[in-house]
Amino acid sequence: MNMVPPTARLPGSSSLVSKVTGSWETLELASNDRSVVEEEGAYECFMTGIDLLDNGNLNISYFHRKDGRYINGFYVAEKTDTPGRYIFEYHGKNYLTFVAVTEKFTIMDLENQRDGNPLIVVELHGRTREAGKLGMVHYRRQTARRGILPSNIVDVFFKRYGSS
């Protein structure tokens, strides 16, 4: 089964990596299961940065709320043969695809096939809140393509790091 969203427009590997590395702020999270992106949901994470590792994998750092506190964490996304597509383990295997990448915003599409039921999470990140808003139209289009209802999109910008 091909996990890459059919409409992904992926830049070449070196172009993608140069655009995605650095600091990010999470603006919106969406899922076909809203509970995973709500307060203390398994995918309610606030990405803070992406670093390129020597082997071409990505180290993605984030904050996640657990037991009422925000904790810092990271995961390593392993590169695949498909440019812009990575795999990492979290509640099963996750396929991460960079759907849109610019200097100002990025849209990440995650698909988890745990228990044969696809869980889709689409994330909008910006270098700043204002820069990230430039990706809003593309983000809404991607959530619609993935069958995510508007009611399952959560604005998380003001919730991050306990500032809710």
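This section describes the sheet, the nonpolar cores and a surface patch of a predicted model.

The largest nonpolar core comprises 29 residues. Ile 60 and Phe 98 have the most contacts inside this core. At least two core residues come from each of helix 1 (13–20), strand 3 (45–52), strand 4, strand 5, strand 6 (85–89), strand 7 (93–101), strand 8 (105–112) and strand 9 (119–126). Strand 3 gives the most, with 4 residues. Neighbours within four places in sequence aside, Ile 60 is in contact with Met 47, Gly 49, Ile 50, Gly 73, Phe 74, Tyr 75, Ala 77, Leu 96 and Met 108. A second core is separate and has 13 residues. Leu 27, Val 99, Val 122 and Ile 148 are among them.

A nonpolar patch lies on the surface. Leu 53, Phe 74 and Val 76 form this patch, with about 250 Å² of accessible area together. Phe 74 is also one of the contacts of Ile 60. Val 76 belongs to strand 5. The relative accessible area of Val 76 is 33%, so this residue counts as partly exposed.

Notes: Residues numbered from 1 in each chain as written. Predicted model: local features only at pLDDT ≥ 70, side-chain atom pairs only at ≥ 80, totals over all residues. Heavy atoms only, no water. Patch = residues over 30% accessible without salt bridge, like charges linked within 9 Å, V, L, I, M, F, W, Y side chains within 5 Å. Areas by Shrake-Rupley, 256 points an atom, 1.4 Å probe, with all protein chains shown as cover. Salt bridge = Lys/Arg side-chain N within 4 Å of Asp/Glu carboxyl O. Buried < 20%, exposed > 50% of the residue type's maximum accessible area, 1.4 Å probe, protein only. Core = buried A, V, L, I, M, F, W, Y, C linked by side-chain atoms within 4.5 Å. Contact = heavy atoms within 4.5 Å.
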